[in-house]
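These are my notebook entries on a single protein structure. I set down what I looked up, entry by entry.

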Amino acid sequence: MPHVAPHTSRWRDALGSLSARLLVAFLVPTLLFVAVAGTAVYQLARVILEEELGTSLSGIAAATATQVHGERLLTIEPGDDVASTRTWRNFVRTFENIAEASGVRRVYAVDTQGRMRVDVGGGLPVGAEMPELARDRLELTRVFAGERAASQVLFTGSDGQRYKTGYAPILYEGRVVGAVGVEASAAFFGPLQQLSRTYAIMGAVALSALAVVALVTARGLARPLRRLMASALRIGRGDLTTPVPPEPTLEIGVLARELEDMRGALESRDRQLKMMLAGVAHEVRNPIGGIALFSGILKEDLQAGAHADAGAHVERIQREVAYLQRIVEDFLAFAREQPLARAPVEAPTLLSVACELLAAEASARDVTVDIDAAPAVLEADGSLLTAALVNLVKNAVQASPPGGRVQVSGASNDGHYTIQVRDTGPGVPGAARERIFEPFFTTREKGTGLGLPLAHKIALAHGGALRLDSAPGDTRFILTLPLGGKPGHGASVTPSR
């Protein structure tokens, strides 16, 4: 098995904890949303502001172009700026006034070949080619076609600021003879970047607050879950006596109640299994002792040649073996899981079959069994109910004195079918009534103490009940079963019942 370093295991446990998972579940989507939303808002604001700036600059350029006489512009030749000709000075004065009034950095005019005619704010001489025009050649193509346009790309000036240019055509006699360019700083980038930083700070604060909320929520959920985990580990280690504490949270409270029910069921089943094992050990010890005793006596008689008593000893051994076999069969019938196979069962037929199975034993004891069953159809497991009734009727027959009478009756009442098995025996003592359905408890010398507990389990599995009402001369076992196939406490007869 590969070795895992302790620090690696601790990190793995930390990352797999509920707190870490909730923190990730809270923060990752929020972080993605903040990042995507911030980027989208920033880009959208930048596009809108750039478009507004381009529209404004192209409008200033168009207004400037209306004040430019195309024919006079074309008369400006290289060297006019050095000679400071009157025409050149007039254009410079006009462009300076426009730059000062509009707050732009640069205003210039070029001919259709891209050669500079007038440049205010840029310093290029007349006749020089302007390299920046190559950057905006697509926009200038539109301008020389008679449209206004603005550069699509911001450029960075020597001062480190970003700038944008707006263009408008210069017309003379209906044709384009040049273009006016107006450059201005994209000053909105400062506030926009400040807004971006503010948004990032607010996002970080929100994420921090959300992280605190996530940690508090995770701890609030983790504490009861850790308590449940500790309870589950105790149960897994075999501690079935410590109750699972209730939890106030609705969902976790339901889980705690279910875990407590499971613990109680396991404790009950464990207690019952221990009791059953102790009962089996006690019940098996007596017949095994009898078998050992009589087999020893048989051996001695055979060695001494006393064959006359051998048959009696063999019969005693066979009786003990038969009793031992009955203990095993009763134990298996009580302990094994028996799924219910529900089917329509006629109640009178069910009672008649159970009584017929005990007819020979009742006749041997000189006990009369009477049946009075009202018609009804039960949705039940016929074989299991027959076994339960056989145990009840057998108990009544064995409790009846010679010449006694056992009455087996059945009647419908409020959606239930009630079966009563009544005998005229001495009754069940008060101290024994509380334990009558306890496995291996019996008041008879040769009883296994499993017949009545098995009948009780079968009744519960069918959604019914079995109770005892006893007095000297009048003892009744009352079995109540639902009509119409109502579900019981479980779908099978299991040892935990």
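The entries below go from the whole chain to single residues.

**Entry 1: basis of the notes.** I am working with a predicted model, in which local features need pLDDT of at least 70 and side-chain atom pairs count only at pLDDT 80 or more, while totals for chains, interfaces and linings use all residues. Residues are numbered from 1 along each chain as its sequence is written, and side-chain values use heavy atoms, with hydrogens and water left out.

**Entry 2: the whole chain.** I looked up the secondary structure and found 15 helices and 15 strands in the protein chain. Helices (H or I, at least four residues) and strands (E, at least two) are DSSP runs, numbered from the N terminus. The chain has 497 residues, of which 37% count as buried. I use buried for under 20% relative accessible area, exposed for over 50%, and partly exposed for values in between (1.4 Å probe, protein chains only).

The chain exposes about 27400 Å², and carbon and sulfur atoms supply 58% of this area. Accessible areas come from the Shrake-Rupley method with a 1.4 Å probe; for residues, only the protein chains shown count as cover. I then looked up contacts (heavy atoms within 4.5 Å). Among those between residues at least 6 apart in sequence, 66% join residues at least 24 apart.

**Entry 3: salt bridges.** A salt bridge is counted here when a side-chain nitrogen of Lys or Arg is within 4 Å of a carboxyl oxygen of Asp or Glu. My search of the whole structure gave 14 of them.

One of these joins the side chains of Asp119 and Arg106, at 2.9 Å from N to O. Asp119 belongs to strand β2 (residues 116-120) and Arg106 to strand β1 (residues 106-111), so the pair ties together parts 13 residues apart in sequence. Asp119 is buried at a relative accessible area of 12%, and Arg106 is buried at 5%. I also noted a network of salt bridges that links Arg105, Arg106, Asp119 and Glu183.

Asp111 pairs with Arg117 in a salt bridge, with the closest N and O atoms 3.0 Å apart. Asp111 counts as buried at 1% relative accessibility, and Arg117 counts as buried at 10%.

Asp474 and Arg422 form a salt bridge whose closest N and O atoms are 2.7 Å apart. The pair ties together parts 52 residues apart in sequence, because Asp474 lies in strand β14 (residues 474-482) and Arg422 in strand β12 (residues 416-423). Asp474 is partly exposed at 22% relative accessibility, and Arg422 is partly exposed at 33%.

**Entry 4: a charged patch.** Which residues form the positive surface patch? I found Arg72, Arg86, Arg89 and Arg93. Such patches are made of residues with over 30% relative accessible area and no salt bridge, like charges being joined within 9 Å and nonpolar side chains (Val, Leu, Ile, Met, Phe, Trp, Tyr) within 5 Å. Helix α5 (residues 86-102) gives the most to the patch, with three residues. Arg86 is found in helix α5 and counts as exposed at 65% relative accessibility.

**Entry 5: positive phi angles.** Glu173 is a residue other than glycine with a positive phi, near 50 degrees. I located Glu173 in the loop between β5 (162-172) and β6 (175-185), and at 67% relative accessibility Glu173 counts as exposed. Asp414 has a positive phi near 55 degrees and is likewise a residue other than glycine. Asp414 lies in the loop between β11 (405-413) and β12 and counts as exposed at 70% relative accessibility.

Terms used:
Lys, Arg positive; Asp, Glu negative; His and termini not counted. Charge placed at Lys NZ, Arg CZ, Asp CG, Glu CD.
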